[in-house]
Amino acid sequence: MVSSMQKIKDSSCVKIEVEIPKGKRGSFVVCNGTIHDAKWGELKGEEAWRKMLDDLKSSPKLVNILFYPPPEEISLLEEMSADALVSSDVASGYVASYGIVSLGKAVLGFLHQLEALGADVREFRLKVDNGTARLHVEILGDIPWDRIVEIALRYLSDFGIERILPG
Amino acid sequence: MMVMDICWSCGQLTHKYKNMLNALNYARSKGLKGKISVKWPTLDILMVDGVPIAYKGDLTAFSIGRDVDISIIEMSDPELIVESNDKDYIKLDSIESLLSLIKEVVVTEGVVLEGILFPVIHLFEPGSVAVDDKKWGSDLLVVDTPVLTLKDLLMADTMAYNIVSVTDRWVLDIVICNKVVIGASLSMPEQVEPITGADAFNYPIESPGKWIVTHAKPLSCPPINFKIDRRIVEKAKNVVTGVVKA
């Protein structure tokens with residue numbers, strides 16, 4: 001849970017509300033490693049974020065996390081919102097188990113990212129089997145295979161995918 | 001008012017329903033705090049924030065597809081505490097624990113695609129059903145005839161789908177268990193609330209274009225026996241493609 005929160009902070013642009021049932025609650029705006037706004041109980045800023053992680057560590061129970069789009073002024077880049085979309089759902093996957101919507105969003109995030117880099121995706125097929133993904137993607141645009149694999153892993157590694165092979 | 005002759009202290013009657021699942025789905029989506037009360041066969045389900053926490057009485061109301069006298073009653077915290085002191089209540093901890101007690105559910109709607117009836121019952125939000133994330137796939141399809149594509153997809157015995165139309169920007173999530181669609185939910189950019197149940201198919205069947213279809217098998221299916229209402233079977237005989245309701 002704590003590592004997943006850290007991951008949200010480092011790789012996405014999102015507003016989250018965190019609530020430990022019958023315990024503390026607070027809200028945070030984080031964007032690609034920076035804490036823009038943080039409230040946790042009476043605390044604010046960095047201190048609020050650290051205390052929240054501490055409280056999560058010592059809280060064995062289910063934690064409610066709600067995700068919202070970040071305030072407009074910090075979400076200008078398309079690339080960021082695609083990341084936020086995926087990371088937020090991946091994070092809720094730690095609370096419950098993965099549903100079809102999480103998988104679909106990861107795929108969409110990956111394809112959005114390719115398009116953000118100027119690719120026009122003509123064909124796409126992904127087949128996952130126990131940590132290995134076979135990926136067939138045909139694009140108009142100039143993105144080398146290694147870079148495609150790197151982006152795909154960024155979106156799919158949370159689902160336990162370690163290798164991506166052409167196929 | 002109706003409330004008075006049920007119990008003076010038991011809250012505020014807000015809605016009436018004739019079908020148990022419609023009532024339950026309403027209570028879940030509105031985050032009801034109160035109870036769902038069935039006159040006959042007698043059943044009360046206590047809910048907090050849309051989650052069933054206890055029930056008393058007879059669950060056969062779920063097996064009757066229509067004409068059940070169901071009241072949705074909102075309650076304050078003190079009222080809920082008084083009500084839950086009743087020792088006849090049996091505790092529940094989730095919607096799944098309630099549904100697992102129901103042995104039979106009548107399916108009263110469906111979608112007909114090129115002459116084939118697919119029964120639809122919105123028991124679960126498709127996103128809440130856990131799937132096999134070790135074995136899954138995703139494909140970009142260029143769809144000319146959405147009816148045929150959907151028909152192919154729905155032919156699966158047991159499968160969950162996340163379908164995103166790149167062209168028209170809708171998202172259709174579906175879970176199929178033992179040939180019955182047990183959850184269907186359509187989100188469209190201009191709509192605030194998703195459209196659930198058989199109506200979720202109305203728009204996609206007329207929306208060709210590029211679809212991204214992600215598919216995985218649900219990890220488990222509820223042990224419920226689905227009884228198809230004969231009236232939808234009859235109605236489906238006169239429909240080539242479209243939604244049918246009992």
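Between chain A and chain B there is one salt bridge (a side-chain nitrogen of Lys or Arg within 4 Å of a carboxyl oxygen of Asp or Glu). It joins A:D129 to B:K135, with the closest N and O atoms 3.2 Å apart.

A quick word on ground rules: this is a predicted model, where local features need pLDDT of at least 70 and side-chain atom pairs count only at pLDDT 80 or more, while totals for chains, interfaces and linings use all residues. Residues are numbered from 1 along each chain as its sequence is written, and side-chain values use heavy atoms, leaving out hydrogens and water.

Now look at the whole meeting of the two chains. Chain A puts in 24 residues and chain B 23, counting heavy atoms within 4.5 Å as contact. About 1900 Å² gets buried between them, 63% of it on carbon and sulfur atoms; buried area is the accessible area (1.4 Å probe) that two parts lose on being put together, summed over both. On the chain A side, A:I100, A:L103 and A:V128 lose the most area, together 31% of what that side buries.

Strands matter for the next bit: they are DSSP runs of E, at least two residues, numbered from the N terminus. β6(A) pairs with β10 (residues 131-143) of chain B in the antiparallel sense over five bridges, where pairing takes at least two DSSP bridges. In that pairing, A:K127 stands opposite B:G137.

Chain B itself is divided into domain 1 (2-102) and domain 2 (110-224), with bounds from an automatic or database domain assignment. Their centres, taken over C-alpha atoms, are 29 Å apart.

Conventions: Chains lettered and ligands numbered in written order. Helix = DSSP H or I, 4+ residues; strand = E, 2+ residues; numbered from the N terminus.
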